[in-house]
Amino acid sequence: MNRWLFGVLIFAVSVIGLSMGTTLPLVALRLHEAGASSLEIGVISALPAAGMILSAFLVNPLSRRFSGRTLYLACFALCAVSVAALQLPSDSLTVLSLARLILGVAMGVAVILGESWVNELCDERKRGQVVALYAACFTGFQLLGPALIGLLGAASPWPALLVSAANLLALAAIWQSLPEQLSEHDAHSSTGFSVIGFIRVAPALCTGVLFFAFFDSVVLSLFPVYASGHGYAVGIAAFMVTIILLGDMLFQVPLGWLSDRWVRTRLHLCCGLLALGIGGALPWLIQMPLLLWPALVVLGAVAGGVYTLALVLIGERFSGQELVTANASVGLLWGVGSLVGPLSSGLLMDLGPNGLPLALSLAAALFVTTAVVSGLRTRNTCVA
């Protein structure tokens, strides 16, 4: 694999993670300070996820008309402009909404293309490690976003300006380094399934992505509320989210290394089972701090592993335009999970004090059940 090219792709996805991790809380905090209603904040906060859903349906027709390099350049140009638009007056809700939607579409297309290229370019023997490093860099820079806001303040223009500058740097790196075609496969070739049809082709991989998107959005938005409701100070509750995401970031490469040496489908299922077990045990763990903190690290690691290993398995099974379509489905499912997660978890939390663990357990159980059924079907097919 061309290490310089891979480095550019790593830098690009890191900038996307920074853009997402910075702008999501930044917009919500600025709107809150400007006196916006909870409904307005919720709708505008959901627009990037809606844009990512839209990008799943746009990427295939766009890739048939434009080269991957052109699309990638356009995505980062749009990201830079959309983030810079956050500096407009806070009462320009229409412009802000459009900017958030465009940012979601641009990030979605860039993620889909980047994941496809990384899977196409890497050596099969090191696929797990390479894809895991790619995913870990996204998570790591997503973590930097809230830290940037905490350091500079939500009212400061610097967070948005620095993220816009990072997108422009990514644009320059892509302009200098990416060839016109990164894949040897024809972008105009047909696929055996559509974006929606991928759910039928690979249900376990789809529910794995759906679970992690659900998990990620719920942890970021509602875990501090859950922990503070069980007696933890708000600062400590927020720090728990950082610990979960650190577990996700730090353990992806070791899990990727392990996936290159063990049966990937089994490791995928083991991650799901551990996530299900810890999620179900949260009502007891939340009362035992000595066990809770290491459990949160493991929870982040295995939940992230479910997503990373889904990407690895997608790259193992598909190539060419089918790989792009599969990753477009990943973008769609990510958007759906990000929208459904906070809504359903918030509803369950209103019904009882342990609504969040119940929501996480149900999402993990969906993945585990699908993975077990898919594994049994594959085994029966091989026997037949």
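For the classes used here, Ala, Val, Leu, Ile, Met, Phe, Trp, Tyr, Cys and Pro count as nonpolar, Asp, Glu, Lys and Arg as charged, and the others, Gly among them, as polar. Colleagues, this is a predicted model, in which local features need pLDDT of at least 70 and side-chain atom pairs count only at pLDDT 80 or more, while totals for chains, interfaces and linings use all residues. Residues are numbered from 1 along each chain as its sequence is written, and side-chain values use heavy atoms, with hydrogens and water left out.

A pocket is an open set of points on a 1 Å grid over the protein atoms alone, with protein on both sides within 12 Å along at least five of seven lines; a cavity is a set where a 1.4 Å probe fits but cannot get out; lining residues have an atom within 4 Å of a point. A volume is the space filled by probe spheres set on the points, which are joined across faces, edges and corners.

The largest pocket has a volume of about 1200 Å³. Among its 35 lining residues, L24, P25, S45, L220 and S221 are the closest to the centre. Two or more residues each come from α1 (3–33), α2 (38–65), α5, α8 (203–228), α9 and α12 (320–351); helices here are DSSP runs of H or I, at least four residues, numbered from the N terminus. The greatest contribution, 8 residues, is that of α2. By class, the lining comprises 23 nonpolar, 11 polar and 1 charged.

Across the whole structure, the search finds 5 cavities of 30 Å³ or more. The second largest cavity, of about 140 Å³, has 15 lining residues, with V111, E115, F138, Y307 and W334 nearest its centre. Its lining divides into 12 nonpolar, 2 polar and 1 charged, and α12 supplies the largest share, 4 residues.

I turn now to α5. The axes of α5 (residues 127–152) and α9 (residues 234–259) come within 7 Å and cross at roughly 170°, which means that α5 is roughly antiparallel to α9 (over 145 degrees). These axes are lines fitted to C-alpha atoms over the stretch in contact, with angles from 0 to 180 degrees between N-to-C directions. The residues of this contact (heavy atoms within 4.5 Å) divide into 9 nonpolar, 8 polar and 1 charged.

Beyond four places away in sequence, Q142 touches G17, L18, M20, G21, D216 and L220.

Technical notes
Angles under 35 degrees count as roughly parallel, over 145 as roughly antiparallel, 65 to 115 as roughly perpendicular and the rest as oblique.
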